[in-house]
Structures are given as structure tokens and as C-alpha cells.
Amino acid sequence: VEETGNGAGGDIEITTGVLEVRGGAQLAASTLGQGNAGSVIISATDRVAFAGTSADGQFSSAASSQVEETGNGAGGDIEITTGVLEVRGGAQLAASTLGQGNAGSVIISAADRVTFAGTSADGQFVSGSFSTIEETGVGAGGDIEITTGVLEVRGGARLTASTLGQGNAGDVIITARDSAELVTGFVLSAVDDTAIGIRGDVTVRAGDLTLSNDSLISTQDDRPSSESNTAAGSDIGRLRIIVEDLLVLEDSDITTEANAFAGGDITIRAGDIQLVGDSDIQTFVQGGSQGGGDITLTADSIIAFDDSDILAFAADGQGGDITLNTPAFFGENFDPASLDAAPLTLDDNDRVDINATGAVAGVVTTPDVSFIQNSLADLPENILIPDDLIANSCIARNEDGSSSFVITGGGGLPEQPGTTTTQYPTGDVQPLPNADWQPGDPITEPQGLYQLPNGELVLSHSCQ
């Protein structure tokens with residue numbers, strides 16, 4: 001729709017087996033006048049790929065629907081249905097408004113895999129999916145919705161719903177049936193410091209979820225305390241993560257953050273949760289009287305190592321509540337004194353901290369783990385005794401669903417009634433299937449907490 005136009009723009013519809021958009025080529029629907037922009041609708045049975053920029057670096061390969069600054073109408077959606085979607089080298093899927101009207105949504109359904117990776121060669125363009133209210137825009141932001149088998153977000157790529165103008169940011173909704181992996185990847189719903197509006201929610205559902213190498217899932221509100229819009233409670237900018245099996249953070253964060261308004265709640269449910277390196281789960285409000293968001297983690301086990309922290313902090317309001325719904329929590333070098341410490345002192349201290357302080361402290365609820373021997377003690381110098389060595393033991397489940405602790409080796413029966421059992425001669429130890437561990441090889445890290453038939457709990461990993 002041109003600047004003098006008055007009417008709705010048409011859609012761009014493509015049906016094919018394979019679609020490739022490269023070298024700065026673009027599929028674009030827009031409005032500069034009085035009327036809605038069209039949508040971009042792609043259906044490819046096999047694969048869709050967007051890659052790279054133009055030779056002069058001025059344009060990224062893209063699918064876009066935009067309300068220009070002179071436009072007055074709603075933006076269209078970007079809809080892609082395919083087997084595999086790849087967006088690389090600074091290519092973008094974008095719905096935005098610079099004028100008067102709501103931004104469209106980006107809706108992706110890929111049966112097998114979705115990959116967002118990297119930036120343009122000069123770093124000007126970031127690969128990703130975006131729904132944005134620009135600084136001159138007035139209207140509601142659209143959502144980012146992705147449904148797939150496997151999701152990969154790598155090399156600085158972003159999935160972002162944001163507002164810089166007058167209007168609320170959209171939601172980010174991800175469903176990855178098998179797994180989702182972020183490697184220096186970012187998933188955000190954000191309000192810029194120039195905006196009048198509120199954050200959307202971020203929801204991630206996956207079979208397994210891994211964040212590594214400074215990845216981030218977050219809702220953020222950068223508005224200063226002088227902003228007149230105060231409609232932002234903990235039910236705004238929420239972050240919800242549901243993982244069937246394992247959630248792992250390696251030097252990565254899951255956060256809700258605000259300069260002056262209430263922090264959003266973080267709710268995570270997973271089979272097991274592992275935090276490694278400098279990995280934080282955090283709600284943080286830097287100023288203002290509103291409270292920090294609550295953090296609720298539900299899992300069979302929560303294991304945190306190194307400098308990983310769980311924090312719900314509000315500088316001038318009430319700290320959020322922290323609830324660990326788990327039968328087993330292990331925090332390396334965890335010191336209960338951290339519950340009352342100043343949160344800004346808890347980084348780079350080589351220990352796991354939990355803290356919910358503020359002008360009024362929040363409530364921290366952790367499980368009773370006094371029956372688990374989770375302290376680390378010095379090992380004797382001779383840590384390998386050949387006659388007693390059992391390498392790479394693991395937990396195997398019985399067919400009836402109960403658990404057992406399986407050790408293979410020679411002997412095991414008394415030599416005669418009333419005598420002790422025989423030791424395990426080194427030469428007769430039988431290795432477990434696919435278990436060829438030898439002294440000096442890396443130790444297999446535990447994956448979770450397992451209960452033995454006698455009721456004892458052990459940190460170990462599955463034989464499967």
C-alpha cells in the first residue's frame with residue numbers, strides 16, 4: 001500500500017518443495033498509506049532457507065511485513081510451514097511497525113528442525129526472528145511462535161518480541177518436541193527504555209533444553225523509574241519453561257529483569273535441572289518499590305555447580321519467593337549464610353548461592369537434604385585400589401519399572417557359611433556394555449538422583 005493508498009495490501013503466498021532466499025533477496029509486504037500490510041505465507045514440503053546479505057552488505061535476506069512510518073494499518077504475519085527451516089548469516093524473519101498499527105506475528109511450523117545461526121560477515125545483521133514496535137510506532141507487538149522437532153539458536157542469533165515505541169511487546173512461544181539448544185543464542189521479550197508498554201511472556205516447552213556459552217532466555221524492562229506506566233506486576237513478563245527430561249545451563253542465564261517495575265515470575269518444571277559454571281536463574285528489580293518475581297523450580301533433582309546462583313532480588317521492594325520443589329538439591333559449597341547476603345556480593349565467589357532479599361526479604365523454601373551425604377571430602381592419596389575397583393558403575397532399571405544398583409564382577413558369594421564375601425579380583429571384573437573406563441579417563445558426571453531398593457539415594461547416571 002503506497003503512501004497515497006487507501007486499502008489493504010495483498011499477501012505473498014508461495015507453495016513449493018524447496019525455497020532458498022539468498023544474497024540479500026527479500027519477500028516483503030508493507031503499507032505506507034491507509035490500510036493493512038499483507039502477510040508472507042510460505043509452504044514448502046521439504047526445506048526453506050534464508051541466508052546471507054547483499055554484496056554491498058546493505059540488505060539482509062529476509063521475509064518481512066512492515067507498517068512504515070507514514071502507514072496507518074495493521075502489519076501482516078510471516079507464516080512458514082515446512083520440514084526444515086534454516087536462517088543463517090544475518091538473514092531475518094521480521095514483522096514490525098514504525099507507524100500507526102499493530103505489528104504482525106512470526107509463526108513457524110517445521111516438522112523436523114529449525115535453525116537460526118550467526119550474523120552477517122560485518123556484524124550489521126543478526127540472524128533471527130523479530131516482531132517489533134519501533135521507536136516511532138504505536139500499536140501492539142506481535143508474537144514469535146515456533147513449533148518443531150528440534151530447535152537450534154546459535155552464534156548470536158535471536159528470537160525477540162520487543163517494543164521501543166508506544167505499545168506492549170509480544171510473547172515468545174517455543175515448542176520443540178525433541179530438543180531445544182541455545183549456543184550463544186538469545187530468546188527475549190523486551191521493553192526498551194524509550195517505550196511506553198509492558199513485556200510479553202516467554203514460554204518454552206521441549207523434550208530436552210540446553211543453554212551454553214553465554215546464552216540467555218529472558219524478559220526485560222529497561223524503562224526508567226520516571227516512566228508513568230506502572231501497570232507491571234509479577235504476572236507481566238513471566239517466563240515459563242517445561243522440559244520433559246533434562247534442563248542444562250552451562251555459563252548461561254534464565255532471567256526476568258526490570259529497572260524499576262515488578263520482576264516477572266519464573267516457573268520451571270523439568271525431569272532434572274543442572275546448573276554448571278556461572279549459570280544463574282534470577283529475577284532482578286534494580287529500583288522502585290515493586291517486588292521481585294517469584295522463582296519456582298520443580299524437578300526430580302536440582303544440581304548446581306561452580307558459581308551458579310538462584311536469586312530473586314528487589315532493591316527497594318520485596319524480594320521474590322524462591323521454591324525448590326524437589327526431593328534432592330545439591331549446591332556445591334552452598335552456604336546458608338548466602339540467604340541473607342547482599343546479592344551483588346554473590347557473583348564470582350566459586351560457590352552456589354540462593355538469595356531472595358530486598359527491602360523486605362522473600363521466602364526461600366528448599367528440601368530437607370540432611371539424609372543425603374552431599375558434602376565433598378578429601379580423597380586418600382591412593383584412590384584406586386585394583387582389587388576393589390569397579391569402573392563406571394551406573395543405575396539400571398528393572399523391567400517392572402523399579403530401580404536397582406547393578407555392579408558386575410567376579411565372586412560375590414561367601415566361600416563357606418559364616419565367612420565374608422570374596423573380594424572382586426581385578427582380572428575378573430566384567431565391564432558394563434559400552435563401558436571401557438580405565439584409570440585416568442574422565443569420570444562420568446552424575447545425571448540425577450536415584451533411589452536404591454533399600455531406600456538410599458545416590459548421585460549417578462543411567463546405564464541406558
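Helices (H or I, at least four residues) and strands (E, at least two) are DSSP runs, numbered from the N terminus. Ser212 belongs to one such run, strand S13 (residues 202-212).

This is a predicted model, in which local features need pLDDT of at least 70 and side-chain atom pairs count only at pLDDT 80 or more, while totals for chains, interfaces and linings use all residues. Residues are numbered from 1 along each chain as its sequence is written, and side-chain values use heavy atoms, with hydrogens and water left out.

## Confidence

pLDDT is the predictor's confidence in each residue, from 0 to 100. The protein chain has a mean pLDDT of 83. In it, 74% of residues reach 70 or more. Two stretches call for care. Residues 229-234 stay under 50 in pLDDT. The model gives them 20 contacts beyond four places in sequence, a contact being heavy atoms within 4.5 Å. Residues 422-432 also have pLDDT below 50. That stretch has 27 contacts in the model beyond near neighbours in sequence. Where pLDDT is low, the predicted coordinates should not be read in detail.

## Strand pairing

Two strands pair if DSSP finds at least two bridges between them. Strand S7 (residues 106-117) pairs with strand S9 (residues 144-154) in the parallel sense, over ten bridges. Ser109 has Thr147 of S9 as its bridge partner. S9 in turn runs parallel to strand S11 (residues 172-183), joined by ten bridges. Here Ile146 is partnered by Ile174 in S11.

Buried means under 20% relative accessible area, exposed over 50%, and partly exposed in between (1.4 Å probe, protein chains only).

Ser212 counts as buried because its relative accessible area is 12%. Leaving aside neighbours within four places in sequence, Ser212 is in contact with Leu182, Val183, Thr184, Glu250 and Ser252.

Thr219 sits in strand S14 (residues 216-221). Its relative accessible area is 0%, so Thr219 is buried. Beyond four places in sequence, Thr219 touches residues including Ser189, Gly200, Val202, Gly237, Leu239 and Thr255. Arg199 and Arg238 are also among them. The side chains of Thr219 and Arg199 make a polar contact (3.5 Å). A polar contact is a pair of N or O atoms within 3.5 Å; within protein, one must be able to donate a hydrogen and the other to accept it, and residues adjacent in sequence count only if both atoms are side-chain atoms.

Val352 lies in a loop, between strand S23 (329-331) and strand S24 (353-355). Val352 is buried, at 1% relative accessibility. Its contacts beyond four places in sequence include Ala304, Phe305, Asp306, Phe329, Gly331 and Phe334. Val352 and Val276 are 76 residues apart in sequence. In space, their C-alpha atoms are 10.0 Å apart.

## Salt bridges

A salt bridge is a side-chain nitrogen of Lys or Arg within 4 Å of a carboxyl oxygen of Asp or Glu. The structure holds ten of these.

| Pair | N to O distance |
|---|---|
| Arg47 and Glu20 | 2.7 Å |
| Asp201 and Arg238 | 2.8 Å |
| Arg240 and Asp201 | 3.6 Å |

Take Arg47 and Glu20, whose side chains meet in a salt bridge. The pair links distant parts of the chain, 27 residues apart: Arg47 is in strand S3 (residues 40-51) and Glu20 in strand S1 (residues 12-22). Arg47 is partly exposed at 23% relative accessibility. Glu20 is partly exposed too, with a relative accessible area of 41%.

Asp201 meets the side chain of Arg238 in a salt bridge. Asp201 lies in the loop between strand S12 (186-191) and S13, and Arg238 in the loop between S14 and strand S15 (239-250), so the pair ties together parts that are 37 residues apart in sequence. Asp201 is buried, at 9% relative accessibility, whereas Arg238 is partly exposed at 28%.

Arg240 also forms a salt bridge with Asp201. This pair links Arg240 in strand S15 to Asp201 in the loop between S12 and S13, 39 residues apart. Arg240 is partly exposed, at 33% relative accessibility. Elsewhere, salt bridges that share partners join Glu20, Arg22 and Arg47 into one network.
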